Amino acid sequence: MNKIFSVGLLIFLITNALQAQQKSYPLTFDSKKYQTKTLTFEGKSFEVRAYENIVYVSNPVDTTYQKINIYIPEAYFQGKSINGYTAKTAPIFYPNKVGGYMPAKPGTTEPDRMGMMPPLNGEVPANNAPKPDAKPQTNQAPQVSTVVAALANGYVVASAGARGRTTKDTNGIYTGKAPAGLVDLKAGIRYLKFNDKRMPGDAKKIISNGTSAGGAMSALLGATGNNKDYEPYLKEIGAAKATDDVFAVSAYCPITNLDHADMAYEWQFYGINSYKKGGPFGGGNSQAQTLSQEQINVSEQLKKAFPAYLNSLQLQDKNGHILSLDETGNGSFKELVKTYVIASAQKALDNGKDLKDFKFLTIVNNKVAAIDFDAYLNYLGRQKTPPAFDALDVSTPENMLFGTKTIDKQHFTDFSLKNSTVNVNKADAAIIKTMNPMYYVGQAKTTTSKNWRIRHGEKDKDTGLAISIMLGTFLENKGYNVNLELPWETTHSGDYDLKELFQWIDELCK
Ligand code: DHB
C-alpha cells in the first residue's frame, strides 16, 4: 500500500516538475533575436532592431498579453549617437496601450488608438486640440505612432502588454482583475532592469507613459515603485528579480483615485442635470439626456462628501497655505482649480488663439483675468451619471476592474455598496488600495518617481479636474518635480504634444 502511494507521489511530483519546466519562460534578453525594421519619421528613415513578443515573466498566466516589444535604434549597435544619447545613456520610453482598464497588447511601430499625435510638418501646432464640437481624438485614425516618434528622438522604446478587466483563462476564471494589469506593467519594468546590461538604453532612466486608464497605470507605476503590496502577485507570475521603480511619469488624463472619483465628479458637476454619454468607455449613445430626481439626490450626497476628503489630504498651495473647501464646496482648493483653467486659456492666448467666443473668460489686455466657473462647467457639460465610477448597478468599467477570479463586477466605495441596486459585495480594501497612487506617494519602503508630467484636457469630462490637480499638488507638496497643465480645448486623449513631452524628458535626462 505504502509502496503504491510512494510511487504515485513520485509520478505526481515528476509530472508537476515537468509541467512547471514546460511553462517556464527564460527571463534573459537574447540580443540576437530580432528583426530589422526601417521606419520613417518626418521624412527621415532610420533602422531599428525590433525584439517583439517576448514573454516577460517566467510563469505567464496569459501569453497574449504578458509580452513586451522592445525597439532599439540600430545606431546604438554601431557606436553612434542620436539626439546626444548613446547606447549607454539613452532613456527607455515605456508607453502602455491600456484603455478602459481593458487588456492591452504591447505597443508597436504602427499607429493605433493611443498613438494620437497630430500630423506633423516640422512643428507641433500651437493648438492641436480638436474643435469645440469635434469627436474625441480617441476615435480618430492617428497619423504617427508614438513608438516611432520616441525612437526618432533617440529613446529605446519598450512597451509591455497587460491583462485587463475582461481577461479570462480557458476555464472561464478572470485573470485580469485588479491589480493584475499594473502587476504586469511592473513585471515589464523588472524585465528591463534585470536585462539592463544586455541591451542598449539606461534602465535607470525609464519613463512610463499612458492615457486615461493607461495614464492611471503610468501614475501607479510612478507612485508605487518597489512597494511590497505587489510582491506576491509578481512572485506568482515569475517576474524577474529586479526593482520596478521608474525615473519619470507621463500621465495623460489619468482615470485614477477611483475610490474618491465619484465625489470629485459631483463636486464639479452637481447642478448640471443634462448629460451626453460619450467616448469609447463612456457607454451608451451621445444624445442629451436628463438626470432623474434620484440621480440628482445621489449627486447632491456625493458633492457634499467631497470637502471632507479634500480637507483630509491637507494639501498646500505654493506659499504653504492649506487648501480647503467649506461645506458648500467653495474655498481655496476651488480657486486653485480655477487658476489651472485660467493658465490653460492664457497659454492658448499667448499662442495666438482667438478666445473671444469663450464668454466665461474675462480677458483684459491679453491677460485672462477671471473665469466664470459655473459658465465654464456648463460649456464643458456632464458626461457621466452619478455615481460616475462605482455605479449603483455595477455597470462601469471600474466595477469590472474590481471583480475577482469568479465575480465579474463589484463595488469599491461604501456609498455605492450602501445604495446598491444589485446584490454584490465591495472589493477587498487591500485591492482597492493597490489601484490608487494617492496611498503610495512618498510612503516608507516605496520608491516614488521623482519626475511627473500630468496632462488633463481642459475639455475632458471623463473624470473630474480635481483628480489630476489633487495628485499633482500632493506630489508637489512632498517635494516631487511636477509639471501639470490642462491643455486648452483638449478632450479625453493623449500623446497630442509629444514634442513637448520629449523636450521635458530630454531636460531631465541630459
Ligand atoms: C477610460 C475612460 C473612462 O471614462 C473610464 O471611466 C475609464 C477608462 C479610458 O479611456 O481608458
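Mentor: What follows goes from the cavities to the ligand and its contacts. Keep in mind that this is a predicted model.

Trainee: How many cavities of 30 Å³ or more does the count come to?

Mentor: Start with the general idea. Rolling a probe the size of a water molecule over the atoms shows where empty space is left. In this structure, the count comes to three cavities of 30 Å³ or more. The largest cavity holds about 80 Å³ of space.

Trainee: Which residues line the largest cavity?

Mentor: The lining consists of Gly 100, Tyr 101, Ser 212, Ala 213, Ile 255, Phe 281, Lys 384, Pro 397, Glu 398, Asp 462 and His 492. By class, that lining has five nonpolar, three polar and three charged residues.

Trainee: Where does the ligand sit?

Mentor: The ligand sits in the largest cavity. Of the 12 residues around the ligand, those that come nearest are Gly 100, Ser 212, Lys 384, Glu 398 and Asp 462. The shell around the ligand takes at least three residues from each of domain 1 and domain 2. Sorted by class, this shell has four nonpolar, four polar and four charged residues.

Trainee: Which side chain has an N or O atom 2.6 Å from an oxygen atom of the ligand?

Mentor: For polar contacts, look at pairs of N or O atoms within 3.5 Å. In the side chain of Glu 398, an N or O atom is 2.6 Å from an oxygen atom of the ligand. The side chain of Asp 462 likewise has an N or O atom 2.6 Å from a ligand oxygen. At Ala 213, a polar backbone atom is 3.2 Å from an oxygen atom of the ligand.

Trainee: How much of the accessible area of the ligand does the protein cover?

Mentor: On its own, the ligand has 300 Å² of accessible area, and the protein covers 99% of that.

Conventions. Residues are numbered from 1 along each chain as its sequence is written. This is a predicted model: local features need pLDDT of at least 70, side-chain atom pairs count only at pLDDT 80 or more; totals for chains, interfaces and linings use all residues. Side-chain values use heavy atoms; hydrogens and water are left out. A residue is near a molecule or strand if one of its heavy atoms lies within 4 Å of it. A polar contact is a pair of N or O atoms within 3.5 Å; within protein, one must be able to donate a hydrogen and the other to accept it, and residues adjacent in sequence count only if both atoms are side-chain atoms. Accessible areas come from the Shrake-Rupley method with a 1.4 Å probe; for residues, only the protein chains shown count as cover. On a 1 Å grid over the protein atoms alone, a cavity is a set of points where a 1.4 Å probe fits but cannot get out, and a pocket is an open set with protein on both sides within 12 Å along at least five of seven lines; lining residues have an atom within 4 Å of a point. A molecule sits in a cavity or pocket if more than half of its atoms lie within 2 Å of its grid points. Ala, Val, Leu, Ile, Met, Phe, Trp, Tyr, Cys and Pro count as nonpolar, Asp, Glu, Lys and Arg as charged, and the others, Gly among them, as polar. Domain bounds come from an automatic or database domain assignment. Grid points are joined across faces, edges and corners, and a volume is the space filled by probe spheres set on the points.
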